[in-house]
Amino acid sequence: MMGVTNDLWLHYDDLSKDQLYDLMSLRQQVFVVEQNCPYLDVDGDDQNAYHLLSYLDDNLIGYLRAFKGGIKYESPSIGRVVTNFTLRGAGHGRRLMRLGIARLRKMEPKKKIVISAQHRLKAFYEELNFYAVGDIYL
């Protein structure tokens, strides 16, 4: 039986060193190592983000970052959505996205939320009422 998750919303300025290490480690494990996509994940935007960290016991199992409108895009946005490989398929990604959407709707209720997502996850995001615009990019 799985334990209870502990979800924390923190602005960058409020992250502890351990929390920052945890989120960077999870992002690197998935985006760089697992997906074999060597790119600079540290993009200078984390300092302006709200970070959702989802812990199971003391282990970070999921994460996303969210921005008010006017920071990454004109509209509020969600990015860097990631779940631990061993727990995929259990609904954590959807739960994280729903929490992110709810947070941004509360902050900016009349604005559309923008994401930039991997094409292979198109169906996942369409289930959450997002739709593709623009060209596919690597």
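Strand 2 (residues 50-56) is largely enclosed by the rest of the structure, because seven of its seven residues are buried. The model is a predicted one. Strand 2 pairs with strand 1 and with strand 3, and buried residues of helix 1 pack against strand 2 as well.

**Strand 2 and its neighbours**

- Strand 1 (residues 5-11) runs antiparallel to strand 2, and seven bridges join the two.
- Within this pairing, Leu 53 of strand 2 is the bridge partner of Leu 8.
- Strand 3 (residues 59-67) also pairs with strand 2 in the antiparallel sense, over seven bridges.
- Arg 65 in strand 3 stands opposite His 51.
- The hairpin of strand 2 and strand 3 has two residues between the strands, and Asp 57 there takes a positive phi near 55 degrees.

**Helix 1**

- Helix 1 (residues 17-34) has 18 residues, which should span 26 Å at 1.5 Å a residue; the end C-alpha atoms are 24 Å apart, which agrees.
- A bend of about 30 degrees occurs in helix 1 at Gln 28.
- Gln 19, Leu 23, Met 24, Leu 26, Arg 27, Val 30 and Phe 31 are the buried residues of helix 1.
- In an α-helix, residues three or four places apart point the same way, because there are 3.6 residues a turn.
- The buried residues of helix 1 pack against strand 1, strand 2, strand 3 and strand 4 (77-83).

Note on methods. Residues are numbered from 1 along each chain as its sequence is written. This is a predicted model: local features need pLDDT of at least 70, side-chain atom pairs count only at pLDDT 80 or more; totals for chains, interfaces and linings use all residues. Side-chain values use heavy atoms; hydrogens and water are left out. Buried means under 20% relative accessible area, exposed over 50%, partly exposed in between (1.4 Å probe, protein chains only). Helices (H or I, at least four residues) and strands (E, at least two) are DSSP runs, numbered from the N terminus. Two strands pair if DSSP finds at least two bridges between them. The expected span of a helix is 1.5 Å times one less than its number of residues. The bend at a residue is the angle between axes fitted to the seven residues ending there and the seven starting there. Contact means heavy atoms within 4.5 Å.
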